[in-house]
Amino acid sequence: MAKKSQKGADSSSNQSFAMFWILILSGLGIVFIPPTMLVLIAGMIPSFVALLLNTDRTAGLAAMLAFNLAGVIPVIGILWERGQTFHEAFRILSDVYMWLAMLGGAGIAVFLAWAIPIVVFAAYDLQAKATLVRLQKQRSKLIEEWGGQFVSDVKDLDQKQ
Amino acid sequence: MDSNRAQMTVAEKIDMPEEATAGPAGPVLDGRFSIHLSQRLSDFESGVNMVVQATDLQDTSAEYFAVVSNPYSDFRYPYAQLLKENRLPGMIELMAHGKVRFSETDICYVSVFDKPRGGPIYREGEAPLQESLVLNLVVPTVAGCLKFLHKSGMAHRGIRADNIFFSDKKQRSLVLGEAVTTAPGSAQPAVYEPLETAMAHPMGRGDGKPADDIYAVGVLILHLLGGKLPASDLSADEIYKKKLEMGSFAALTEDLTLSSLVIDVLAGLLHDDPTKRWDAKTLLNWREEITSAPRRGRGDSLAFGKILFQSEEYSSPRILAHAMMRKPKAALEIIENGRLVKWVKSAVRDEEAAAKIAQIQASVNSSRSDKNAGTAAVTQAIRLLDPDGVFWYRDVSFCRGALGPMLQWAFQKDDTEMKKTLAELLSSSLLQTVTAEEMRGSAERRAEWVPEIVLNSCYDHMKSKQDIGCGLERCLYELNPKAPCLSPLVLGSHVSNLSEYVEIAEKKMSSSNGQVNPLDRHAAAFIMCKSKGLRKYLKTLSSNAPGTADNALAQIKIFAKLQASAYPKPLPGFCRWMEEMQKPILAKIRSRLRQEFVSKKFQEAKKTGSLGTILKLTDIERQLAVDSREYDNALATAEEAERIAAYLEGASQQRKVDAARYGTWITSVLAITSLVTSMIVSALYFVG
């Protein structure tokens, strides 16, 4: 219990440390590169929403952030290529494809976070069913060789345990 | 047969006379004497044996009679051997003895004797014989015969009026009848027995001494001259008591008018002290030997005072001993309250006996709750009062060496009470205590008793009396080494060794398709008594109930060993039996495949008719061990499978949790990968 609480305390201090640096970098970014920050903040809205929903799914949130950022980085690259001005920033923000790139990443993150566990579960289920079938066959073989007494002996053994 | 004998162990090579078979002339003994079962000769019958006509195939004019022995009757082999080797004058001639096969499994022990032509000298109810005939013909004939017989240290033990015959049709010469085919003295009326053996059970009278024959001759003379059995109106107990009170001579002659010659002869023959009794030589030459009138016995010596027992006063230790036999509870009382010790010390004046009785009194008073201790105390006290008398225990009394025939009798009559008493006696230490004491005291007494080693062996076998191969049946064969096997399976086939047992049992097995039990209590005791190296199987038999696989396997192994050592011929009947016996063993094999395999092997090996080969080829013990091990493994496997299946069936939620965790991990990996890819691609595209 003490370890758990210590682990929780460490995690929250880490989060606070990350938040501190994010806020520092965000502050510096707003001061020195305001158009980039505008696009970044607009593009990262899905991540902020996920952050605000606070689903306790840290890994899911991380995936959302990573996918979202992966979609935003090329858009920022385009902004920087066109010249880092508010005009260009608003131009980009008015381009539906740019939004598609930025939100698409988040969308993929949401989709993967939903679909992959389902697929894995299905795989697990199939594997378990195959094992059950194999065990059933093995049991039938044993009964065929050792006779009816074997079944009751196995039952007795189970009951003893 | 010779090859069989070569393979037998020393213990198994017991006397195996050549067996006679039924030929065209019917059942024949020694290839010479034809036995005619349909022609009975009741004149010669005594006891349980059947007497029939026999003819000589080599000499049709000769007349013989054959005694067909009952399986339970005691045959006196040393005596028969002596008769066969020597022609005793005045004794009926034993022509041959041995086994005769009347049918495939009906085999009897038959003794062929020369048939006296003139019939018995005396029949009950006939007129008395003349004194001259008795003194001039009967006495010399019997005495002459006994003279030769007693030289070998053997007693006839069958001298009585109905056992003397005219050897010729003109009735000029006599012969003494046979006493080979029954237990010694068993056919004698009680009055013919001297004081030492009179109170013994007829089967427990023992081989006896030459002096016993002399005594019997005395009673014979009285019987023949009196025309009736002496003291025929008295019971055996009354006769014994009277003989002790008055002396045998006075007791048996009191109502008879006899000549002075006869009185002199009888005084010498009927003396109650065997050492003062005449011997055969004196009897043969009695006219020359008598210089003065022989001293007559006066019964038991009297004590200096009397003892009150059951409202009667006794002054004779032997009469008191006899009364104590009849009233053991009252006898125990006088031992416990010390009256007997006092009487023996003060009146009998036997300090040694008194000291021993005092010891008995002390031991019985210290173990009052033990019922057997009381009986043992009475037995010991009786023995001390009458050291030459019979050995008494509860309802049995016998002479020292006659325990074997007694036991045989108990089995013949299936007398539960007698068997119980004998079992109690054999399993108690009393017999050993008494024998040790008596054997230490006298070499003559040592010779009378059953050998100590046999008694010890019986004691050991009685310890585990519930076990097959032990108990009273085992004692029967230990005490009667020549007795045939009395198992119901082979009864009537006179089986006297293992080879014969297997042979006869095989025939019974074949005819019943293996549906008989070849190892009942008698058979097991007989086999264990005659063989060596089978003891380990006995332990298995004892520790596993009949019908179990281990028990069946032990039985099969016993007969496989017997076949190999005693009867190495194919045994299809036993194989069929083995097939039945193997059923519980096969049932113990759980694997169906293995069962089929073993059955197949058995059917192949069965054709050899050898139990050993079947055991070897089926390798049943290893198969059982492997099967057991594999079954345990299979159980463990099945249990593990059940556990896994149960887990898998109930772990759906867990799988969901696992899938969610693993899915998140995959998603995270994909996310990081896509982020890094995006950064690298963007950097390459926009910067590069």
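Predicted model: local features only at pLDDT ≥ 70, side-chain atom pairs only at ≥ 80, totals over all residues.
Biologist: Why is the pattern of chain A written α-α-α-α-α-α-α?

Modeller: Helices (H or I, at least four residues) and strands (E, at least two) are DSSP runs, numbered from the N terminus. Chain A has 7 helices and 0 strands, and reading along its sequence gives α-α-α-α-α-α-α.

Biologist: Which residues of helix H2 of chain A are called buried?

Modeller: A residue is buried if 20 or more other C-beta atoms lie within 10 Å of its own, exposed if 12 or fewer, and partly exposed in between, with C-beta atoms placed from the backbone. In H2(A), residues 34-43, the buried ones are Pro35(A), Val39(A), Leu40(A) and Gly43(A). Viewed down the axis of H2(A), they fall within an arc of 135°, so they line one face of the helix. The arc is that of the directions from the helix axis to the C-beta atoms. For chain A as a whole, 25% of the 161 residues count as buried.

Biologist: What makes one face of helix H6 of chain B the buried one?

Modeller: The buried residues of H6(B), residues 236-246, are Ile239(B), Tyr240(B), Lys243(B) and Leu244(B). Down the axis of H6(B) they fall within an arc of 130°, so they line one face. Among the elements covering them are helix H4 (195-198), helix H7 (248-253) and helix H11 (317-326) of chain B. After H6(B) comes Gly247(B), with a positive phi near 95°.

Biologist: Why does Ser152(B) get the label partly exposed?

Modeller: Ser152(B) has 14 other C-beta atoms within 10 Å, again between the cut-offs, so it is partly exposed. Ser152(B) is in the loop between helix H3 (131-151) and strand S8 (164-166) of chain B.

Biologist: How do you know that chain A touches chain B, and which elements take part?

Modeller: By the contact rule, 38 residues of chain A are in contact with 36 residues of chain B. Helix H4 (58-82), helix H6 (96-146) and helix H7 (148-160) of chain A each give two or more residues to that side of chain A. H6(A) gives the most, with 18 residues. The residues on this side of chain A divide into 26 nonpolar, 6 polar and 6 charged. Here Ala, Val, Leu, Ile, Met, Phe, Trp, Tyr, Cys and Pro count as nonpolar, Asp, Glu, Lys and Arg as charged, and the others, Gly among them, as polar.

Biologist: What makes strands S2 and S3 of chain B a pair?

Modeller: Two strands pair if DSSP finds at least two bridges between them. S2(B) (residues 26-29) and S3(B) (residues 33-40) are joined by 2 bridges and run antiparallel, so they meet the cut-off. Leu29(B) has Phe33(B) as its bridge partner in S3(B). The two strands form a hairpin with 3 residues between them, and Asp30(B) in the turn has a positive phi of about 55°. S3(B) is also joined by 5 bridges to strand S4 (residues 50-56) of chain B, running antiparallel, and His36(B) stands opposite Gln53(B) in S4(B).

Biologist: Which residues of chain B does UniProt list as "transmembrane region", and what is their helix content?

Modeller: The UniProt annotation, from an unreviewed entry, covers residues 662-687 of chain B. UniProt positions are given in the numbering used here, feature names are shortened, and annotations may be inferred rather than shown by experiment. In the model, this span is 100% helix and 0% strand, with its end C-alpha atoms 37 Å apart.

Conventions: Residues numbered from 1 in each chain as written. Chains lettered and ligands numbered in written order. Contact = placed C-beta atoms within 7 Å.
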